[in-house]
Amino acid sequence: MVSTLDAQQAYGGPATHDVTNQAPPLTPYDASDDTALLEGLRREGAGWAEEDLRRLGRQAGSAQAQEWADLANRHEPELRTHDRYGNRVDEVEFHPSWHHLMRTAVAEGLAASPWADDRPGAHVARTAGGLVWGHTEAGHGCPTSMTYAAVPALRRQPDLAKVYEPLLTSREYEPGLRVPTQKRGLLAGMGMTEKQGGSDVRTNTTTATPTSEPGVYTLRGHKWFTSAPMCDVFLVLAQARGGLSCFLVPRVLPDGTRNTFRIQRLKDKLGNRSNASSEPEFDGTVAWLVGPEGQGVKTIIEMVNCTRLDCVMMSAALMRKSLVEAGHHVRHRSAFGARLVDQPLMRNVLADLALESEAATTLALRLAGAADRAIRGDAQESAFRRIATAVGKYWVTKRGPAFTAEALECLGGNGYVEDSGMPRHYREAPLLSIWEGSGNVNALDVLRALSREPGTAEALFSEFSLARGADARLDAAVTRLKNRLSEASQTTARRLVEEMALTLQASLLVRYAPPAVADAFCATRLGGDWGYAFGTLPEGAGLGAIVERALPRGD
């Protein structure tokens with residue numbers, strides 16, 4: 001072996017590959033070391049979960065958990081349609097890291113366990129846990145989210161809920177296809193969209209034919225996007241004689257035989273690579289009716305409220321993870337004679353990202369609080385949840401792609417390299433604005449709520465009134481918004497929902513964030529003192545205070 005000294009003597013100079021001015025590994029770090037997150041957890045009624053959240057945060061930021069995230073995405077799931085003898089099996093095989101991530105998520109209550117927890121704030125605690133565990137990887141958040149959302153829909157058929165809800169709310173992760181009632185815990189998926197309609201599920205052509213057994217049907221058709229096909233049960237939309245209806249489809253029937261669930265292929269997606277998204281075919285597939293015939297859309301509405309909340313949560317988690325990565329890099333990297341974090345322009349970029357991240361986190365937790373209180377019977381919070389979740393889903397997920405791109409750029413060329421993790425975050429971000437309805441679908445849903453449920457607008461403006469008089473720019477934004485409501489149309493829907501989202505985020509920050517954060521957000525997002533890219537905060541915006549609040553203290 002040639003030593004460094006030998007090399008220097010042989011080539012007449014020092015070694016050419018000394019590593020300097022590179023950031024050290026971020027791991028291990030505490031993903032829960034987030035002031036806005038912890039403040040929101042306490043404020044929304046789940047302070048009792050803080051100790052567990054901090055423990056989960058340390059685990060999420062551990063080298064082991066971060067390695068699981070990387071490996072689950074590098075070793076993508078593989079479809080196995082037949083066994084060696086030619087029998088149809090329709091199974092998807094995952095890397096062991098996927099199962100490690102799933103086992104932790106389910107055990108920590110990030111699937112459906114809040115529905116079995118009568119403590120106020122249980123749904124807030126779950127959202128906070130998702131914000132923290134989301135620092136690992138996003139793909140496995142899909143089956144946990146669908147499982148969470150399936151419970152309220154299943155409750156529309158009490159006899160089925162009695163059997164399946166205790167297993168869906170379990171904290172036991174038991175992979176593999178077996179009779180559902182013989183397992184310690186279950187996961188649920190959804191089969192809603194079809195190729196000809198997408199979000200327009202009323203165009204679905206999958207048919208449901210009743211059998212001689214009451215409540216039992218057979219399905220025939222094809223679904224276009226059904227993620228996590230190794231879940232135990234699925235909620236599926238199909239056309240029955242009474243119209244579009246919701247059905248429960250198990251992968252394995254009570255007698256132990258495989259239900260017909262032919263996986264035609266797995267989607268080759270931009271991101272979310274660890275999560276298998278499939279096209280299943282139903283042909284004589286046995287299904288149980290959930291809710292009355294013809295009430296399929298009504299049955300899944302509560303599911304949509306839950307999964308849209310998770311879209312906001314996952315986007316906020318992705319923003320926070322990207323911000324932590326960017327902040328760590330600029331704190332340790334020097335250029336042009338100073339650390340990057342001390343360069344005024346870089347500090348401006350980081351502060352602007354920090355504002356966006358805190359606004360997203362604060363809104364996600366407020367929505368979770370509304371969900372928790374609505375589920376417990378608060379009518380005012382239910383009305384607020386109805387409109388604010390659609391507003392938040394539209395805006396926060398729209399901000400994700402631009403945010404992750406800017407955070408990636410903070411690392412320069414290092415951020416463009418796969419092993420930095422930043423390309424994975426960047427590819428992941430667009431999914432969340434598509435999943436559970438694209439931007440247009442959510443904007444139209446806001447218009448629908450305003451026209452059909454007038455109490456939702458009242459609830460939203462009641463929320464704004466809690467910050468009245470605290471900031472003139474916020475007061476002016478609320479007035480503008482009231483005037484815009486009379487002009488609401490499809491043409492103006494996106495602009496209207498954007499203003500609703502920014503006004504709602506500003507009102508929360510004015511009430512709860514430090515003055516430097518609230519003032520900078522109102523000046524830029526409401527007051528017009530902002531450019532078209534991140535990093536254009538005005539002079540005197542308190543950049544240093546904003547950055548220090550945002551970054552983990554242990555870094």
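1. Let me start inside the protein: 19 residues line the largest cavity, and G130, G134, G141, M313 and M314 are the ones nearest its centre. Two or more lining residues come from each of α6 (122-133), α7 (141-154) and α9 (296-332), with α9 giving the most, five residues. Helices here are DSSP runs of H or I with at least four residues, strands are runs of E with at least two, and both are numbered from the N terminus.

2. A word on the basis of all this. The model is predicted, so local features need pLDDT of at least 70 and side-chain atom pairs count only at pLDDT 80 or more, while totals for chains, interfaces and linings use all residues. Residues are numbered from 1 along each chain as its sequence is written, and side-chain values use heavy atoms, with hydrogens and water left out.

3. Back to the largest cavity: its volume is about 210 Å³, and its lining has nine nonpolar, six polar and four charged residues. On a 1 Å grid over the protein atoms alone, a cavity is a set of points where a 1.4 Å probe fits but cannot get out; a pocket is an open set with protein on both sides within 12 Å along at least five of seven lines; and lining residues have an atom within 4 Å of a point. Grid points are joined across faces, edges and corners, and a volume is the space filled by probe spheres set on the points. For the classes, Ala, Val, Leu, Ile, Met, Phe, Trp, Tyr, Cys and Pro count as nonpolar, Asp, Glu, Lys and Arg as charged, and the others, Gly among them, as polar.

4. The whole structure has five cavities of 30 Å³ or more.

5. Now the open spaces. The largest pocket has about 1,500 Å³ of space and a lining of 48 residues, with T193, S199, R308, E436 and G437 nearest its centre. Once again α9 is worth a look, as it gives the most to this lining, nine residues. By class, the pocket lining has 22 nonpolar, 14 polar and 12 charged residues.

6. The second largest pocket has a volume of about 640 Å³. Of its 24 lining residues, L26, E325, D419, S420 and G421 lie nearest the centre. The lining splits into seven nonpolar, nine polar and eight charged residues.

7. Which kind of aromatic pair do Y217 and F247 form? The pair is edge-to-face, at 5.0 Å centre to centre and 65° between the planes. Rings of Phe, Tyr and Trp (its six-membered ring) pair if their centres lie within 6.5 Å, and planes under 30 degrees apart count as stacked, over 60 as edge-to-face and the rest as tilted. Y217 is in strand β5 (residues 216-222) and F247 in strand β8 (residues 243-250), so their pairing ties together parts 30 residues apart in sequence. Y217 is buried at 7% relative accessible area, and F247 is buried at 0%; buried means under 20%, exposed over 50% and partly exposed in between (1.4 Å probe, protein chains only).
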